[in-house]
Amino acid sequence: MWSLSGAKRAIIVAGCLAAAYTQLTTSPATIRYARSIGANELHIGILGALPTLMLFMQFISGVVVNHLQHRRRLWFWSAITHRLLLLPTALGPYLFPGMSPEFWIATLLITTAFNQALLHFSSPLWLSWMGDYLPHQGLSHYWGSRQFWMQITAASSLTGAAFLLFKSDLGIEAGYAVLTCIGTLCGVLDLLLFHRIDEPPVARVPSPRLRQVLGAPFRNKDFRRYIRFMCYWNFAAMAGAPFISLYLLEEVHMDLFRVLLLWAISWVGGAMFSRTLGRWADRYGTRPVLVICVASKSANMLALLLTPHNPDVAFWVLAPFFMLDAAQNAGILIANNGFMIKHSPSENRTMYIAATQALAGIVGGLTSIAAGLIMTQLAGQTWQIGGWTIGHFQVMFAASIVLRWLALLLIRSVREPNSHTTMTLVADVMESFSWRAIVPTEELEKEESGSPEPISNVVDEPSGVEVPAPKFVRPVRKRQPVS
């Protein structure tokens, strides 16, 4: 087995391979492929809903894990099956060319459904394994570093996909097949890296009763509030998010090359801020990071509404907003992982993770399907408001913006023991920028290289190393925990 430091590096490499798998198999090329074989807005809505709708499988995972001593074998076989499931969709039209387009649309939806079901069954197994294995001190910083490399890989994968489809003579059907095969290979290699990572035994609930296991996350007041917020957030986000690529392809008239590059650029933006967001989550708590990211999450939707339908202009206008949006997504992901792992008991951690992700995902999935139905009914209709032409895409984007703004009211109910206020984080960041103007950069780098004071009082492993005091320490305002 690898040492802890070696295992951490392997987990990051595996995350990069997983990012390549995800981007190559679920990129806008999939939507273009689906449209090429006759998929309509409802089919696209269902495709967008399946990754979250199938999250109910996490509840099953949470129940099953309490009857296991080790979860590695079950996780591996369920994960490798889901990584292979998209191959029939990609290669089927070449192996069975006589089948109708309707058959392949149904095949795409069914294989994607099973793919996502097994993904979400294995996800809590993996995350609870990591929660038991990785030290909790500095965990968000580590997730941030891992997210940095994953987003760099995602950007590289999408850029490679864009040039493959643009520079080669492959049509969208052949291009989709090639991308899916390469992505599947990356996905399988990702799983093999965990063969030499140690797994602590499962901390099971004593005499686990189904009702007790399922209800535990909801009896925890703070966790129940967090689950409620995440359910609403998925509702607000999924009202518009699944249709962004379709909007760019059909309303803005971007070609697939530009759309893929736009998403690749967005991942670069996420990578730029992932490490910083991880440090903030460790130092100030996950809640203030979540608040900041949610507060600015409507910017991308506003940009989509206001961008002119000129593909060249739209590309350059939207690029910085997509980068900002990816950074916000990274912050929400880091905060979510940190909150679930740090504030769930080890003996039922899988169910706490499942309750948070599954309920929120089901809400988001149903929202995506409902939005697809609404868009199908509104397709072709336009309204004139003050000289501005509004179609079905604009209606859903505007609704999503309003719903995201309302999330700021609900997030006030989220509580995290010992976290700092959002204004403390904002004030300290602004203060840091002001000191950079008058303090040598070299001194600040020495100061910021020290480990931040952990939020949690629980330390899994002492570092055994004293960090020397920096030569210069800027004044730090007194922070008060959230009441």
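Predicted model: local features only at pLDDT ≥ 70, side-chain atom pairs only at ≥ 80, totals over all residues.
The structure contains 22 aromatic pairs. One of them joins Phe-76 and Trp-77, whose ring centres are 5.2 Å apart. The planes of these two rings meet at 80 degrees, so the pair is classed as edge-to-face, the cut-off for that class being over 60 degrees. Trp-77 has a relative accessibility of 53% and therefore counts as exposed, since the exposed class begins over 50%.

Another aromatic pair is formed by Tyr-142 and Trp-143, with 6.0 Å from centre to centre. The angle between the planes is 45 degrees, and the pair is tilted. Tyr-142 is buried, at a relative accessible area of 10%. Trp-143 is also buried, with a relative accessibility of 3%. Both residues belong to a cluster linked by ring pairs, in which Trp-75, Trp-126, Trp-129 and Phe-194 also take part.

The charged end of Lys-8 sits over the ring of Tyr-142, at 5.5 Å from the ring centre. Arg-275 lies over the face of Phe-148, and here the distance to the ring centre is 4.2 Å.

Phe-103 is located in helix α7, which spans residues 101-133. The relative accessible area of Phe-103 is 38%, so this residue is partly exposed.

Terms used. Residues numbered from 1 in each chain as written. Heavy atoms only, no water. Helix = DSSP H or I, 4+ residues; strand = E, 2+ residues; numbered from the N terminus. Buried < 20%, exposed > 50% of the residue type's maximum accessible area, 1.4 Å probe, protein only. Phe/Tyr/Trp six-rings, centres within 6.5 Å; stacked < 30°, edge-to-face > 60°. Lys NZ or Arg CZ within 6 Å of the ring centre and 35° of its normal.
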